[in-house]
Every structure is written in structure tokens, then in C-alpha cells.
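This report examines a protein model for a reader who is new to structural description. Please keep the sequence and the three-dimensional view at hand while reading.

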Amino acid sequence: MEKKICVITGGGSGMGLSTASLMGKTHYIIICGRTVNKLESAVERLQAEGVECEAFPCDVSDRASVKRLAEHAAALGEVQTVVHAAGMSPHMGTGEQIIQVNAMGTIYVNEEFAAVMGEGGCILDVSSMSAYLAPGLVMPKRAYKYALADQERFYRKMLGRVNLFPKKLRSSIAYVVSKNFDIWYAKKCAGVYGDKGIRVLSVSPGNFETPMGEAEKEEALGYLKYAAIKRLGNPDEIAWLLASCADERNSYLTGTDILCDGGLVAGR
Ligand SMILES: NC(=O)c1ccc[n+]([C@@H]2O[C@H](COP(=O)([O-])OP(=O)(O)OC[C@H]3O[C@@H](n4cnc5c(N)ncnc54)[C@H](OP(=O)(O)O)[C@@H]3O)[C@@H](O)[C@H]2O)c1
């Protein structure tokens, strides 16, 4: 394949789909997610825009599924960018499911893709502004290091923290804790994969108008009073940021998080 490859988890909708549309101007796109018909209509839409792309069903919470995706992508050509946008919000599942998808899923995606990527590669993990908003005491930061050495222990400790809270709060706690971990983990991975020439970053969106954002729209509008820009973000704005981070001209940018929230955290 002549074009370099960009794999986008959660590429069937929202920020992932907008990013596919933009990255598709320069890359061959592989979008993945769990819902096949959603992926099929996304591929139709992208192809109508002239994007060369395909769908590959994958559940990021299942390491074997992520490994199949990474090996498939690498067999097609050089994987230059991975945008890991797949994620579950608090209203989409239990605390356990959210830790499995948002935290374990990020470990699987970064590890499996780093194994098939090389010099000039870039992995972008999508976190969330909410990682900045919850009190630091909630975050089981001392458990994060086990993600590198003992993933079962890491999972138990993350879940242990979530289960300290009343049942009705657990999915929200799991969301902020998993997204806070994603920022820490992307920074660690930048060091671990730096010698291979792979950059790793996280991007933390504020409130955006996507299918996921729709379910939390009322709450998000309430928070706008703190923001410098008094509107929700458009997914094309995050796509632009992700594509800029991935651009090879940004070759010194790694090991950091970029918060894109219309100035909300700064105004709180
Ligand atoms: N929208 C916001 O305001 C906002 C704010 C902060 C952070 N974020 C983060 O931004 C990212 C993108 O979200 P979005 O707003 O664009 O929402 P979205 O449109 O719901 O996109 C999320 C995508 O992830 C996929 N997905 C979920 N679980 C998956 C799994 N286990 N394996 C593979 N794919 C999975 C979903 O497809 P399937 O269900 O078909 O698998 C869906 O297409 C998420 O990580 C989210 O946490 C969003």
C-alpha cells in the first residue's frame, strides 16, 4: 500500500468518524468498533467523500480482538497513526465495563499497536476533561504503575477504588478514574516506546456534540458558564487537533496531554 495507514478505534461515529474524514485525505483509514452496521454506514459516508478506507470490527476491551486488528493493519502496510477514540461514558455501562473498555482497552491498544509500529508512528489516546475535574483523592494513582507490570492487579485495584463508592456513583467514578489513568498511561508509553521512534500523546476533549455527548447535553450546557467559549465543541475541531498531533511535522510532540475544552477547566 502506498499510503500510510491510520487506524481509528471508535471510528464509526462522533470524534472518531470526523477524524477519519480528515485523516483520510492523506492516509488509508481503518475504522473499528463493535457495531457492524454502524461501521458499514461510516465506510459508505467516507467513501462518498473520496476516503480510501475499510471497517474492521473490534472490541477494544478484548486483547485478542485488538491483536487481530493490529496484525491486520500491519499486514496492509505501514501503520503511522492510531487514534484510540473508542470509549464508554458513565450512562453506557457498569463501573466494571467502563474500567475494562476505557482503561484496559487503552493498555491493549497501545501495547498491540506499538508491537507493529515503528519510527515516525504516533498513538493518540482520547481521554476526557473530566479527568481534570474530579478531586485528585478519587484517583487510585498508586495503582497505575501495575498497568506496566501486573495488569490483573491493576484491574483489581482500579475496580476496588470504584467499588468504595455507592452503587449509583460507580459508573461516573469509573469514567473519571479510567480517563485520568489514560493520561498517565499515554505519558508512560511515550517513554517506553520513544526508543522505537513512536510518539504517544493523549487528547482530553471537553463537551462535544457527538452521539455520546448528546446523552449528557443538558449537564454540559450547564457547565458552559465556566468556559471561555460558550458553546459545545464540534467533533471537527477535535479531528483537527488529533490530525495535527499525528502530523509528522509535529515530531517533537510526545508524552503530554492536550486539553481541548473551550477553556472550561481554566475557568472553574
Ligand atoms: N462527546 C464528548 O463530549 C466527550 C467528552 C470527553 C471525552 N470524550 C471521549 O471521546 C471519545 C469519543 O467519543 P464520542 O463523543 O465521539 O462518542 P461516540 O460517538 O459514542 O463514539 C464512541 C465510539 O466508541 C465505540 N466503542 C465503544 N466501546 C467500544 C469497544 N469496547 N470497542 C470498540 N469500540 C467501542 C462506539 O462504537 P460501538 O458501540 O459500535 O462499539 C462508538 O462508535 C470517547 O473515548 C469519549 O470518552 C467524549
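The sections below treat helix packing, cysteines and selected residues in turn.

The model is predicted, so local features are described only at pLDDT of at least 70 and side-chain atom pairs only at pLDDT 80 or more, while totals for chains, interfaces and linings use all residues. Numbering starts from 1 along each chain as its sequence is written, and side-chain values rest on heavy atoms, with hydrogens and water left out.

## Helix packing

Helices (H or I, at least four residues) and strands (E, at least two) are DSSP runs numbered from the N terminus. Axes are lines fitted to C-alpha atoms, for helices over the stretch in contact, and angles between N-to-C directions run from 0 to 180 degrees.

| Helix pair | Axis distance | Angle |
|---|---|---|
| H3 (residues 63-76) and H4 (residues 95-114) | within 9 Å | roughly 30 degrees |
| H7 (residues 151-162) and H8 (residues 170-194) | 9 Å | about 135 degrees |
| H4 and H8 | 8 Å | about 15 degrees |

At about 15 degrees, H4 is roughly parallel to H8. H7 and H8, in turn, are oblique to each other. By convention, angles under 35 degrees count as roughly parallel, over 145 as roughly antiparallel, 65 to 115 as roughly perpendicular and the rest as oblique.

Handedness describes the sense of a crossing: left-handed if the near helix is turned anticlockwise from the far one by less than a right angle, and right-handed if clockwise. The crossing of H3 and H4 is right-handed. Residues of H3 in this contact (heavy atoms within 4.5 Å) are Arg-63, Val-66, Lys-67, Leu-69, Ala-70 and Ala-73, and they meet Ile-107, Tyr-108, Val-109, Glu-111, Glu-112 and Phe-113 of H4. By class, eight of the residues in the contact of H3 with H4 are nonpolar, none is polar and four are charged. Here Ala, Val, Leu, Ile, Met, Phe, Trp, Tyr, Cys and Pro count as nonpolar, Asp, Glu, Lys and Arg as charged, and the others, Gly among them, as polar.

H7 also passes H8 in a right-handed crossing. Phe-154, Met-158 and Val-162 form the H7 side of the contact, and Arg-170, Ile-173, Ala-174, Val-177, Ser-178 and Phe-181 form the H8 side. This contact of H7 with H8 has seven nonpolar residues, one polar and one charged.

The crossing of H4 with H8 is right-handed. Its contact residues include Ile-98, Asn-102, Thr-106 and Asn-110 of H4, and Ser-178, Tyr-185, Cys-189 and Tyr-193 of H8. In the contact of H4 with H8 there are 12 nonpolar, six polar and four charged residues.

## Cysteines

A disulfide is a covalent bond between the sulfur atoms of two cysteines. How many disulfides does a search of the whole structure find? The search finds zero, where a disulfide is a pair of cysteine sulfur atoms within 2.5 Å. For Cys-32, the nearest cysteine sulfur is that of Cys-58, 4.3 Å away. For Cys-189, the nearest is that of Cys-122, at 12 Å.

Cys-32 has a relative accessible area of 1% and is buried. Cys-189 is likewise buried, at 2%. Buried means under 20% relative accessible area, exposed over 50%, and partly exposed in between (1.4 Å probe, protein chains only).

## Selected residues in strands and a helix

Leaving aside neighbours within four places in sequence, Leu-201 is in contact with residues including Cys-122, Ala-186, Cys-245 and Leu-253. The C-alpha atoms of Leu-201 and Leu-253 are 7.9 Å apart, although 52 residues separate them in sequence. Val-200, with residues up to four places away again not counted, touches Asn-110, Cys-189 and Tyr-193, among others.

Val-79 lies in strand E4 (residues 79-84) and is buried, with a relative accessible area of 3%. Apart from residues up to four places away in sequence, Val-79 touches Ile-5, Val-7, Ala-73, Ala-74, Phe-113 and Met-117.

Is Ser-41 buried or exposed, or partly exposed? Ser-41, in helix H2 (residues 36-48), is partly exposed, with a relative accessible area of 43%.
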